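Here is a short report on one model. Have the sequence and the 3D view open as you read.

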Amino acid sequence: MKTCLIVDDSKVIRKVARHILETLNFAVVEAADGREALSQCHAHHPDVVLLDWNMPVMSGMEFLRALGDETLPKRPKVVFCTTENGMAHIRAAIEAGADEYVMKPFDRETLESKLQIVGVA
């Protein structure tokens with residue numbers, strides 16, 4: 001079973017994403033900010049990270065940069081999950097190390113498609 005780390009400061013978004021991911025047969029781990037997410041990456045070695053852009057403590061972009069400096073057995077795929085739809089934001093996320101992005105709100109089909117694109121679904 002593949003593991004997905006959901007990183008979002010919104011408990012509602014984490015709950016919705018968890019439900020979708022569990023129906024896609026993922027084990028799910030959650031984090032409320034980037035710093036907690038780094039700890040979860042070391043503890044659980046997720047296959048994919050569903051990452052929010054705007055969070056307190058450590059933003060999604062800060063997490064991406066920090067993830068690049070971490071020594072993990074295998075770098076997880078990262079899908080940015082955001083309301084930011086400007087090309088500049090998307091380009092910045094990809095340049096910082098994101099593998100794909102998905103716009104909020106998303107549904108099961110959209111998320112499953114993005115997970116297939118990055119090779120984890």
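Is aspartate 52 buried or exposed? The model is predicted. In it, aspartate 52 has 5% relative accessibility. The cut-off for buried is under 20%, so aspartate 52 counts as buried.

**Around aspartate 52**

Aspartate 52 lies in strand E3, which covers residues 48-52. Its side chain makes a polar contact with the side chain of lysine 104, at 3.0 Å. The UniProt record, an unreviewed entry, lists Asp52 under "modified residue: 4-aspartylphosphate".

**The sheet**

Where does E3 sit in the sheet? Five strands form an open sheet, and E3 stands between E1 and E4 in the order E2-E1-E3-E4-E5. The pairing is parallel. Strands E2 and E5 are at the edges with a single partner strand each, so one side of each has no neighbour in the sheet. On average, neighbouring strands are turned by 20° against each other, direction ignored.

Valine 79 has glutamate 100 in E5 as its bridge partner. Helix H5 packs on the sheet and touches E2, E3, E4 and E5. The direction of H5 makes about 175° with that of E5.

The residue ranges of some of these elements are set out below.

| Element | Residues |
|---|---|
| Strand E2 | 26-31 |
| Strand E3 | 48-52 |
| Strand E5 | 100-103 |
| Helix H5 | 108-117 |

Key. Residues are numbered from 1 along each chain as its sequence is written. This is a predicted model: local features need pLDDT of at least 70, side-chain atom pairs count only at pLDDT 80 or more; totals for chains, interfaces and linings use all residues. Side-chain values use heavy atoms; hydrogens and water are left out. Helices (H or I, at least four residues) and strands (E, at least two) are DSSP runs, numbered from the N terminus. Buried means under 20% relative accessible area, exposed over 50%, partly exposed in between (1.4 Å probe, protein chains only). A polar contact is a pair of N or O atoms within 3.5 Å; within protein, one must be able to donate a hydrogen and the other to accept it, and residues adjacent in sequence count only if both atoms are side-chain atoms. UniProt positions are given in the numbering used here, feature names are shortened, and annotations may be inferred rather than shown by experiment. Two strands pair if DSSP finds at least two bridges between them. Axes are lines fitted to C-alpha atoms, for helices over the stretch in contact, and angles run from 0 to 180 degrees between N-to-C directions. Contact means heavy atoms within 4.5 Å.
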